[in-house]
Amino acid sequence: MTESEIRLSAKSSDRKSEYPVTFFREDDGRISGKCSCRASQMGQFCKHLRGLIAGDAGILGESTDSSAQEKLVDWAKEAGIHEKIIELDNLESDLTKICL
């Protein structure tokens, strides 16, 4: 792992297994991530990437030190995407309340 790379694990939906997740920070501050789940492999911005960036400790795999996620959240705040992820989560929650 380098200074521009963070490796974590995220719990699967059934909570019985974990997906390896890696985030990279480019020189210009942009962040990219890779998750081994099916959705991410299909090119989607999966719930594991999103949850880890948002700081959701509940999705963090047992094999991951929470300080790695804290570092990721700091990167996301510096890049201006942490707040956008939180805003998106709130909008989706509001939409679910209205539509369901």
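User: How many salt bridges does the structure hold?
Analyst: The structure holds 6 salt bridges, a salt bridge being a side-chain nitrogen of Lys or Arg within 4 Å of a carboxyl oxygen of Asp or Glu. This is a predicted model, in which local features need pLDDT of at least 70 and side-chain atom pairs count only at pLDDT 80 or more, while totals for chains, interfaces and linings use all residues. Residues are numbered from 1 along each chain as its sequence is written, and side-chain values use heavy atoms, with hydrogens and water left out.

User: Which residue does E78 meet in a salt bridge?
Analyst: E78 pairs with R25, at 2.9 Å from N to O. E78 lies in helix 3 (residues 66–79) and R25 in strand 2, so the pair ties together parts 53 residues apart in sequence. Helices (H or I, at least four residues) and strands (E, at least two) are DSSP runs, numbered from the N terminus.

User: Is E78 buried or exposed?
Analyst: E78 counts as exposed at 60% relative accessibility, whereas R25 is partly exposed at 27%. Buried means under 20% relative accessible area, exposed over 50%, and partly exposed in between (1.4 Å probe, protein chains only).

User: And what does R50 form a salt bridge with?
Analyst: R50 bridges to D89, with the closest N and O atoms 2.7 Å apart. This pair links distant parts of the chain, R50 in helix 2 and D89 in helix 4, 39 residues apart. R50 is buried, with a relative accessible area of 15%, and D89 is partly exposed at 30%. Salt bridges that share partners join R50, D89 and E92 into one network.

User: At what angle do helix 2 and helix 4 pack?
Analyst: Helix 2 (residues 47–54) and helix 4 (residues 82–99) pack at about 115°, with their axes 9 Å apart. Axes are lines fitted to C-alpha atoms, for helices over the stretch in contact, and angles run from 0 to 180 degrees between N-to-C directions.

User: Which residues make the contact?
Analyst: R50, I53 and A54 of helix 2 meet H82, I85, I86, L88, D89 and E92 of helix 4, where contact means heavy atoms within 4.5 Å.

User: Changing topic, where is S12 found?
Analyst: S12 is in the loop between strand 1 (5–11) and strand 2 (18–25), and S12 counts as buried at 4% relative accessibility. Not counting residues up to four places away in sequence, S12 touches S17, E18, Y19 and H48.
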